[in-house]
Each structure stands twice: as structure tokens, then as C-alpha cells.
Amino acid sequence: MPDGASRNRWLTAAGWVAVLAPLALLAADAAGHRLGANPIEAVLNRLGFWTLTFLALSLAPTPLRLWTGLGWPLRLRRRLGVAAACYALLHFAWYLSVDQFFDLQVVVADVVKRPFITVGFAALLLLLPLAVTSTDGWVRRLGFARWKALHRLAYAAALLGVVHFAWRVKADRLKPTIFAVVIGVLLLARLRPGPRRA
Amino acid sequence: MARWKPDMRGDEATPERLWLRRRDFLKLGAAGALALGWPGRTPAGGPSGADLPVAKRSALAGGEAPTPWDDVTSYNNFYELGTDKADPARNAGSLRPRPWTVTIDGEVKKPLTLDVDALLRRFPLEERIYRMRCVEAWSMVIPWIGFPLGDLIRQLEPTSRAKFVAFQTLLDPVQLPGQRRAVIDWPYVEGLRIDEATHPLTLLAAGLYGRVLPGQNGAPLRLVVPWKYGFKGVKSIVRITLTERQPPTSWSRLAPSEYGFYGNVNPEVDHPRWSQARERRIGEFLKRKTLPFNGYGEVASLYAGLDPRTLY
């Protein structure tokens, strides 16, 4: 049985691997010419997919503890949340730089005129302050209660992210629906008090 | 597969000089892609499948080099074979494009039901290099092989009531497993006005890059209307019906505010969710400007007196 410190080290290492693996895979696929005929679109879609995936994963530890009593996933929550914000930022940066090649007129028009981009951009704006204030220093500075209240913005960001995806697809809503169900369950679980919470 | 005998061999029809130039274009494109060092470009595997010889070739894409075979055959919107772009190439094995029966009926004096190869033997096949603009704001340059749909329609002698032409894709969830999920109200249906259908640019295509059309590109027979968005190019056609009234079309039935009956390429009319002003040519980095009617301005006379903004 490993002691607490060594278990923490393992968890930290596993957390880093989990959040960096999608980027490593993306780089490997790019180098191996496996991104298909439209690699610009493929990268954009993948970064968006991992944003939503990490958002969903960051929402999972609390219900998991309620349902199973497992506590260790809570230690990964902040890293998963920061990962979601980083992937969201990469997703937007890719759209701005490679996809639209800094055509600000087009980007501003998109954000203002196209509802699916408006909600996606709003989700990004909600995630950025959460990433910035994710450190222990910021928890102390804000006080835990206020910090916790602020970080509930992640719920709104996750919902906006799902809407962004659902409004983007042309006809096949299967994948956005899966995200909606998973994120919906993870959010609704918070409304019920846990069965054995003292 | 293609058992018909052409009147002339393909190499007799095309001056060698032109044929060589076409390869130069391909090399130039490949060199350009290499020079860009663009990650994710598929190394060219080259055309495969049975030869489909042609009697005539016309390059109608402003002299641009065709998009590589691997890209044309691995990045497809053919929801009957899966909704991801790479799905159709992966799932095309379930589609059996031979033997295949096509019916042409409705407002014609001589309706016809025949095998697709018998249909192809009725017309000299041509290669037509066309731009293809998808409604999703990407585009390709594709060397199709086919024959003008108008030649077929005229053979069957349309009645005076023939105002539109309706097209229908095969309905068979075994061959087209994507039809097991009701993403779209299957079968896929499309339509054209009769003057659009008989326009010399409108092609029934059965091949690509000198080969028989692969499943993912709509084998054995598909529609190609180069001035319209790609969704008008109905694939794996089993029925063509001339009608008096405007037929329903799949995408406009699904989302009438986003896709109309016409689907004419128009940079001025945005899709409600994205701009149509520019497009990404597959293989290029920067987006380029979308041309009205996808650069086939000769069709504008078909729409004289109509507001082009309503023809999305």
C-alpha cells in the first residue's frame, strides 16, 4: 500500500498524462498525415471535442463522490477544469489564426451574427477567469466560499459549450446529444443532496 | 465491372501534349503541398478501381489542377455511409454498385428501366473537370466521368408537363447502413428544374479520375451540377422521375431556412450559421473568394428575372 505522498505523486502524474495525451495524439496524427483531407477543420473539431470532454470530466468528481464515496477524483478536478479552459483557448486560437487567418472582420461578424459562435465565445469568456483563479493563492485571496461560487460558472460554460456543438452540426445530433446527457446528469446530480452526507 | 466497349480509346481522344500537361499540374500541386510542409496531407496513393475510358475531355475549372484522388475519395458527405467525412470511405464496402438498375419515368413518352452499364453504353462518356463547392464552405476540383443528363432526358421524350426532374438515392439499410438512423428522412431525394437538368453542364457521373466511381463518391451513378452546392449532387441514384410539380428535396425538407430548392452557389447569401463569401479549397491554406454560380456564370440566364438572393 503506497503512502499518501506517493499516491499523490502518482495521481499528479496521471493527471498530467490525461490532459496532455490528446495534444500528443494530435501532434502524432499530424506528423503521420492522419488528419485527412481537411486538417485545419480536423484540428478545430478535435480541440472542441476535448474542451467538452474535459469540461464533462471536471464536473464528474462531485457526483462520483456522492454516488460511490470515492474522494480521490476531487484532487484532479482543478487540473481537468484548467485543461478544459486551455483546450477552449486553443480551439479559439486555431479558429482565429489558422482557420480565419486573423481576418478580424470575419471573426467579429461571426461572434456577433452567428448564434452558435456567440455561445461558444461566451463559454470561453466564462472559462478564462476560472483558469486564472485556479491557484491556491486565488482560493485564499477570494476566500473559499466566494471562490467556490465563482467557479460555479463552469456549469454555465459546460451548457453553453453543448449548445455551441449542437447548433453547429448540420443534421446528426448524436454526439452533441451524448454530451448533453452526460453533462446534464452531472449537473442534476448536484441538485440532490447526497444520500449519506453527514 | 464496366463491360462496355468505347468507340475510341481514351489516349486517341486526348492530345498527348494535354495529357502530359495535366500530369504536370498534378506534380505542381504535389510540389506545392510539399513546399508548404503542410501537416496532415495524405501522401498520394493514386487512383484505383476499374478503368472507365472516355471519348472526350474538357477542363472546366479555370485550368486548376484536380484535387488529389486520395482527398476526393476520403473526405465525403454521404450520410448513408456515415456522417463523419471519413466514414463513407470506410463503409463503402457494404454498397454493391453492380448489378444496379436505374428507372427513368414520370412525364416522358419512353420510360426506361435498365442496368446502369446498359445506360452508360447509350452515351459517349466524357471527362469533365469541374469545381465542386460544398455548402460547408470547402471545395475541390474533380475530374468526373459521365454524360450530360440532358442527352438522356431528350432520348426519353419529355411530355409538355415535364417541368422538374426528381432524383432518388437507393433505399437499403443493408447496403447503406447510415439509413438505420433517421438522421435524414430516407431515401435522399433531390430535384432540378427541367431547364437546369438539361443544361449542358449538368452531368450524370459514373466515374472519377479515369476510374469507375467509388462507393463513397456515389457509385454507380450520381448527379453533378457544378454551379450548385454539393448537396444537390444526389448519389447512388436508382430513380429519375420527370414531374410537373416541384419535387421535395432532402435538405430543404430538413431545414428549409438553411437549404433551398435551388442551392445555387452565391457568395452574397450566407448560410444562417456561416458565411458563404469564402471557401477553403482542399489542399490550400488560405481561404479563397467564392465565385457566383461557382464560376459557371453561363447559367445565369436560367435565372433571369428571379432574385438570385432567393435561390439559395
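User: What makes the crossing in which α1(A) passes α2(A) right-handed?

Analyst: A crossing is right-handed if the near helix is turned clockwise from the far one by less than a right angle, and left-handed if it is turned anticlockwise. By that rule α1(A) passes α2(A) in a right-handed crossing. This is a predicted model, in which local features need pLDDT of at least 70 and side-chain atom pairs count only at pLDDT 80 or more, while totals for chains, interfaces and linings use all residues. Residues are numbered from 1 along each chain as its sequence is written, and chains are lettered from A and ligands numbered from 1 in the order in which they are written.

User: How do you know how α1(A) is directed relative to α2(A)?

Analyst: Two packed helices are described by the angle between their axes and the distance between the axes. Axes are lines fitted to C-alpha atoms, for helices over the stretch in contact, and angles run from 0 to 180 degrees between N-to-C directions. The axes of α1(A) and α2(A) cross at roughly 170 degrees and come within 11 Å. Angles over 145 degrees count as roughly antiparallel, under 35 as roughly parallel, 65 to 115 as roughly perpendicular and the rest as oblique. The two helices are therefore roughly antiparallel.

User: Which residues make the contact of α1(A) with α2(A)?

Analyst: Residues are in contact if their C-beta atoms, placed from the backbone, lie within 7 Å. On α1(A) these are V19(A), P22(A), L26(A) and A30(A); on α2(A) they are P39(A), V43(A), R46(A), W50(A) and F54(A). Eight of the residues are nonpolar, none is polar and one is charged. Here Ala, Val, Leu, Ile, Met, Phe, Trp, Tyr, Cys and Pro count as nonpolar, Asp, Glu, Lys and Arg as charged, and the others, Gly among them, as polar.

User: Why is R46(A) called buried?

Analyst: A residue is buried if 20 or more other C-beta atoms lie within 10 Å of its own, exposed if 12 or fewer, and partly exposed in between, with C-beta atoms placed from the backbone. R46(A) has 20 such neighbours, so it counts as buried. R46(A) is found in helix α2 of chain A. Its C-alpha atom is 9.4 Å from that of Y87(A), 41 residues apart along the chain.

User: Is A83(A) buried or exposed, and how do you know?

Analyst: A83(A) has 26 C-beta neighbours inside 10 Å and therefore counts as buried. A83(A) is found in helix α4, residues 77-99 of chain A. Leaving out residues up to four places away in sequence, A83(A) touches V19(A) and F54(A).

User: How are α9(A) and α10(A) directed relative to each other?

Analyst: Helix α9 (residues 153-168) and helix α10 (residues 174-188) of chain A pack at about 165 degrees, with their axes 9 Å apart. That angle is why α9(A) and α10(A) are called roughly antiparallel. Their crossing is left-handed. The contact residues include F165(A) of α9(A) and F179(A) of α10(A). They divide into 10 nonpolar, no polar and no charged.

User: How many helices and strands does chain A have?

Analyst: Helices (H or I, at least four residues) and strands (E, at least two) are DSSP runs, numbered from the N terminus. Chain A has 10 helices and zero strands, whereas chain B has eight helices and 13 strands.

User: What radius of gyration does chain A have, and what would a compact globule have?

Analyst: The radius is taken over C-alpha atoms, and the globule rule is 2.2 Å times the number of residues to the power 0.38. For 198 residues a compact globule would be near 16 Å, and the 18 Å of chain A agrees.

User: Which elements of chain A touch chain B?

Analyst: The contact takes 16 residues from chain A and 22 from chain B. On the chain A side, α1 (4-31) and α2 (39-59) each supply at least two residues. The largest share, three residues, comes from α2(A). The chain A side holds 11 nonpolar, three polar and two charged residues.

User: Is F101(A) buried or exposed, and why?

Analyst: F101(A) has 11 C-beta neighbours inside 10 Å, so it counts as exposed. F101(A) lies in the loop between α4 and α5 (104-113) of chain A. Its phi is positive, about 45 degrees, although it is not a glycine.

User: And is Y209(B) buried or exposed?

Analyst: Y209(B) has 23 C-beta neighbours inside 10 Å and so counts as buried. Phi of Y209(B) is near 55 degrees, a positive value in a residue other than glycine.

Conventions
Contact = placed C-beta atoms within 7 Å.
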